[in-house]
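Me: I am new to reading protein models. Please take me through this one in short steps.

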Amino acid sequence: MPLQQDLRIAEVVKREQSRLRNFIRRRVPDSRDAEDILQDVFYELVEANRLLMPIDHVTGWLFRVARNRITDLFRKKKTDSFSDAAVADENDELLLLEDLLPSPDAGPEALYARNLLLEELDLALDELPDEQREVFVAHELEGRTFKEMAAETGVSVNTLLSRKRYAVLHLRERLQSVYDEFTKT
């Protein structure tokens, strides 16, 4: 019986590996991260099989697990990048996003405000279409230039500028109420 299960898993891996890898690579820019996710998905398939979990539609299940792993990766990376993110103030001095948020050591009210702001920013970024979010994060949080992004992606600078503009408009509208709440006296 275990040999038959192993053969079925090997058949699924062989049949779905290429499609699943392409699916992941379209969404994850780093090939090492994409390979890690692919391996995680197949590991979960083996574990589900070992635990005798019934999987009715293996292909759909694999892609759902892949989507979940991709989401997990971006959540982790987003959290990491926020602490290092920098923005220029009116004097062109770089301020870390960390400097713009209330200090976590300033008491429970400041900690609450900080967490709320990060959560709202996270949610607002998640609402953006992938292309707009990628351009906004790359330019504003990672400090990459439009020329660099255009060279890497093959997308014109004007298209990237337009995507960022739409992202900024959405974020402004989406975060206005949060801003108003914190600035009212």
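Me: Which residues in helix 7 are buried?
Reply: This is a predicted model, where local features need pLDDT of at least 70, side-chain atom pairs count only at pLDDT 80 or more, and totals for chains, interfaces and linings use all residues. Residues are numbered from 1 along each chain as its sequence is written, and side-chain values use heavy atoms, with hydrogens and water left out. Helices (H or I, at least four residues) and strands (E, at least two) are DSSP runs, numbered from the N terminus, while buried means under 20% relative accessible area, exposed over 50%, and partly exposed in between (1.4 Å probe, protein chains only). In helix 7, the buried residues are Phe146, Met149 and Ala150.

Me: Within what arc do the buried residues of helix 7 fall?
Reply: Look down the axis of helix 7. The arc is that of the directions from the helix axis to the C-beta atoms. The buried residues line one face of the helix, because they fall within an arc of 100 degrees.

Me: Which exposed residues does the face of helix 7 turned away from its buried side carry?
Reply: The buried side of helix 7 has Phe146, Met149 and Ala150. The face turned away from that side carries Lys147, Ala151 and Glu152.

Me: In what order do the elements of the protein run?
Reply: The secondary structure comes to eight helices and two strands. Read from the N terminus on, the order is α-α-α-β-β-α-α-α-α-α.

Me: How much of the protein do buried residues make up?
Reply: The protein has 185 residues. The buried share of them is 29%.

Me: Where is the largest share of the lining of the largest pocket from?
Reply: On a 1 Å grid over the protein atoms alone, a pocket is an open set of points where a 1.4 Å probe fits, with protein on both sides within 12 Å along at least five of seven lines; lining residues have an atom within 4 Å of a point. Helix 1 (2-27), helix 3 (58-84), helix 6 (130-141), helix 7 (146-153) and helix 8 (157-183) each supply at least two lining residues. The largest share is eight residues, and it comes from helix 3.

Me: How much space lies in the largest pocket?
Reply: Grid points are joined across faces, edges and corners, and a volume is the space filled by probe spheres set on the points. The space in the largest pocket is about 1,100 Å³. Of the 31 residues that line this pocket, the closest to its centre are Arg27, Pro29, Phe74, Asp130 and Glu134. Back to the value asked for: about 1,100 Å³.

Me: How many charged residues does the lining of the largest pocket have?
Reply: Ala, Val, Leu, Ile, Met, Phe, Trp, Tyr, Cys and Pro count as nonpolar, Asp, Glu, Lys and Arg as charged, and the others, Gly among them, as polar. The lining has eleven nonpolar and three polar residues. Its charged residues number 17.

Me: Why does Glu16 count as buried, and what is its relative accessible area?
Reply: Glu16 is found in helix 1. Glu16 is buried because its relative accessible area is 3%.

Me: Which residues is Glu16 in contact with, leaving aside its neighbours within four places in sequence?
Reply: Contact means heavy atoms within 4.5 Å. With those neighbours left aside, Glu16 is in contact with Thr59, Leu62 and Phe63.

Me: Is Gln132 buried or exposed?
Reply: Gln132 is found in helix 6. Leaving aside its neighbours within four places in sequence, Gln132 is in contact with Arg163, Tyr166 and Ala167. Its relative accessibility is 16%, so Gln132 counts as buried.

Me: What relative accessibility does Phe136 have?
Reply: Phe136 also has its place in helix 6. Leaving aside its neighbours within four places in sequence, Phe136 is in contact with Leu125, Leu141, Lys164, Ala167, Val168 and Leu171. Phe136 counts as buried, because its relative accessibility is 12%.

Me: What separates the C-alpha atoms of Val46 and Ile9?
Reply: Val46 is found in helix 2 (residues 31-50). Val46 and Ile9 are 37 residues apart along the chain. Their C-alpha atoms are separated by 7.2 Å.
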